[in-house]
Amino acid sequence: MAGEPGEAMAHSAFDTILVLDFGSQYTHLITRRLRELNVFSEMLPCTQKLSELKFAPKGIILSGGPYSVYEEGSPHVDPAVFDLNVPILGICYGMQELAYRLNPGNVVAGTRREYGHAVLKARSIDNHVDRLFDGIEESMRVWMSHGDKLAKLPEGFHTIATSDNSEFAAIGHENKPIYGLQFHPEVTHTQNGTALLRNFAVGICGCKQEWTMQKFLEEAIAQIRHTVGEKGQVLAAVSGGVDSTVAAKLMKEAIGSRFWAVLVDNGVMRLNEADQVKRDLSEALGINLTVVDASQRFLDGLKGIDDPEKKRKFIGGKFIDIFEEEAVKIEEAAANDPTKAGKIEFFMQGTLYPDVIESLSFKGPSATIKTHHNVGGLPARMANGQGLKLIEPLRSLYKDEVRALGRALGIREELVMRHPFPGPGIAVRILGEVTPEKVEIARQADHIFISEIRKAGIYDQISQAYAAVDPSRAVGVMGDNRVYGYIIVLRAVTTTDFMTAEAYNFPWDFLQRVMNRIVNEVHGVCRVVYDVTSKPPGTIELE
Ligand code: GLN
């Protein structure tokens, strides 16, 4: 497990359904739905060689995909899939692939494409429908998205359900647990889709529904102790965000003060944030935390830089320098501390499953699979395992699972539900050059905006919110005097995946209240605007 603890952690401790990804936009929903059923599921590219699997799945799902199985160059599953002797479920392309593997003539281009809702009718044979449809009404609305279809039933299969346009909407093998669905049970538009996946994973594959964060916590602690050993020590950078806080608390539970967290105050954190993180991590959660106040070094270096990319690069680079300096000090302290007495051997990162998936997704027959670099530019010595081995305890988890784990670890709700915050902090929320004056203005305005959002009880309905500074001088009249002040741009979005987003629909009086407080309380501001741009074309951050 060393070096890749997260990788081994979940699938070695929990019954696992392996999802082989053929590139469908819905693939990740399959793993999500299964996990919501407390069944652990992991996704790998469809090209995965099954003899190289590092675990024994209880069942395999072949996802949908944009290709046509009969086209040259389209992706195909390792034929060994039929020799593993575990149940198989093919969804859309996945079903076509199963049929094609058994006989290439089984799949053809359909004359009618079928997108959107269809009504599915399950057939009963000898008075009962197949156990894949246990407890499901015989007629239900399902979501289809295909142009190809099965020309005929593969040998040894029977039809379980039909729709108007798909004679073979659901099929099953006569005497082996192999199934195919032309529709998508993983999307919410499909009625009883979750029940169907439960029937497959629990009923047919026999998975125990043990995937809970309480159980994960116990397993993760045991695994971390095993990896790190009796004396091993671990170093990490924390930000005060959800992921690094949850990961840090988990490490603390596992190895106590042999886990060293470092917070670099880069001078562009939110109002009182460094102090707040100290209180939360060090005082409330008992994490061995060092706060490095490097704000002056960052602010000095940011002088005169107005290009957003250069700002990001500078902050990233400076962060590495400072973290490295601190790491050397901590390594010395750790080596000389008789109560700990060991070298720092590991570097911990709060990488999440979507980042792992991103690097594993099947992008097409010719596309090379991207390797993942979620190291935030941290030194190669820490990231590539030459000097320090990487430990990523959250590698198996989705964001909502991280939040649930945070609760299981006793982290306060407000912290668990925190909106994401960019690494370069409010530096990218100040258009153009960053100066101490603008940082102060951004901080004050942001604090007012977020406090009002909390007071209105809508914080959790919003995915991300902040106030930014546009340093263009707008004219205003204050106390009968003509003044020129900065413009504050308020941004608040809702999104499920941060790939697309919409501006939050605030009540008018809320916006007026925030405007009123900002122009009155924040010196140097004379206008407040609300950014209603959706993503795309806008991004969530301004720079
Ligand atoms: N490309 C295949 C079709 O059109 C499969 C589609 C899918 O998996 N959603 O039938």
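Q: Where does Asn192 lie?

A: In this predicted model, Asn192 sits in the loop that runs between β9 (178–181) and α4 (193–204).

Q: What's the phi of Asn192 like?

A: Phi of Asn192 is positive, about 60 degrees, although the residue is not a glycine. For context, most residues other than glycine have a negative phi.

Q: Which residue with a positive phi follows α2?

A: That is Asn38, which comes after α2 and has a positive phi near 65 degrees.

Q: How many residues of α2 itself are buried?

A: Of the 10 residues in helix α2 (residues 27–36), 8 are buried, so the helix is largely enclosed by the rest of the structure.

Q: Which ones are they?

A: The buried residues of α2 are Thr27, Leu29, Ile30, Thr31, Arg32, Arg33, Leu34 and Arg35.

Q: OK, what about Cys92, what does its phi look like?

A: Phi of Cys92 is near 55 degrees, which is a positive value in a residue other than glycine. Cys92 belongs to the loop between β4 (88–91) and α3, and it is classed as buried because its relative accessible area is 5%. Cys92 is also one of the residues that surround the ligand.

Q: Good, on to the ligand then. Which residues surround it?

A: The ligand has around it Gly64, Gly65, Pro66 and Tyr67, then Cys92, Tyr93 and Gln96, then Ser145, His146, Gly147 and Asp148, and also His184.

Q: Which elements supply at least two residues of that shell?

A: Helix α3 (93–102) and strand β6 (139–150) each supply at least two, and β6 gives the most, with 4 residues.

Q: How do the shell residues divide into nonpolar, polar and charged?

A: The shell around the ligand holds 4 nonpolar residues, 7 polar ones and 1 charged one.

Q: Which polar atoms come up against the ligand's oxygen atoms?

A: A polar backbone atom of Tyr93 is 3.0 Å from a ligand oxygen, and a polar side-chain atom of Gln96 likewise lies 3.0 Å from an oxygen atom of the ligand. For Asp148, a backbone N or O atom is involved, at 2.9 Å from a ligand oxygen. As for cover, the protein takes up 89% of the 300 Å² of accessible area that the ligand has on its own.

Q: What does the UniProt annotation "binding site" cover?

A: The UniProt record, an unreviewed entry, places "binding site" on Ser239, Gly240, Gly241, Val242, Asp243, Ser244 and Thr245.

Q: Take Gly240 from that list: where is it, and what does it touch?

A: Gly240 is in the loop between β10 (233–237) and α6 (242–255). Not counting residues up to four places away in sequence, Gly240 touches Thr245, Val277, Leu415 and Arg418. Gly240 is buried, since its relative accessible area is 3%.

Q: And Val242, is that buried or exposed?

A: Val242, which is found in helix α6, counts as buried because its relative accessibility is 6%. Leaving aside neighbours within four places in sequence, Val242 is in contact with Lys399, Val402, Arg403, Leu415, Val416 and Arg418. Leu415 and Arg418 are among the contacts of Gly240 and among those of Val242.

How values were computed:
Residues are numbered from 1 along each chain as its sequence is written. This is a predicted model: local features need pLDDT of at least 70, side-chain atom pairs count only at pLDDT 80 or more; totals for chains, interfaces and linings use all residues. Side-chain values use heavy atoms; hydrogens and water are left out. A residue is near a molecule or strand if one of its heavy atoms lies within 4 Å of it. A polar contact is a pair of N or O atoms within 3.5 Å; within protein, one must be able to donate a hydrogen and the other to accept it, and residues adjacent in sequence count only if both atoms are side-chain atoms. Accessible areas come from the Shrake-Rupley method with a 1.4 Å probe; for residues, only the protein chains shown count as cover. Ala, Val, Leu, Ile, Met, Phe, Trp, Tyr, Cys and Pro count as nonpolar, Asp, Glu, Lys and Arg as charged, and the others, Gly among them, as polar. UniProt positions are given in the numbering used here, feature names are shortened, and annotations may be inferred rather than shown by experiment. Buried means under 20% relative accessible area, exposed over 50%, partly exposed in between (1.4 Å probe, protein chains only). Contact means heavy atoms within 4.5 Å.
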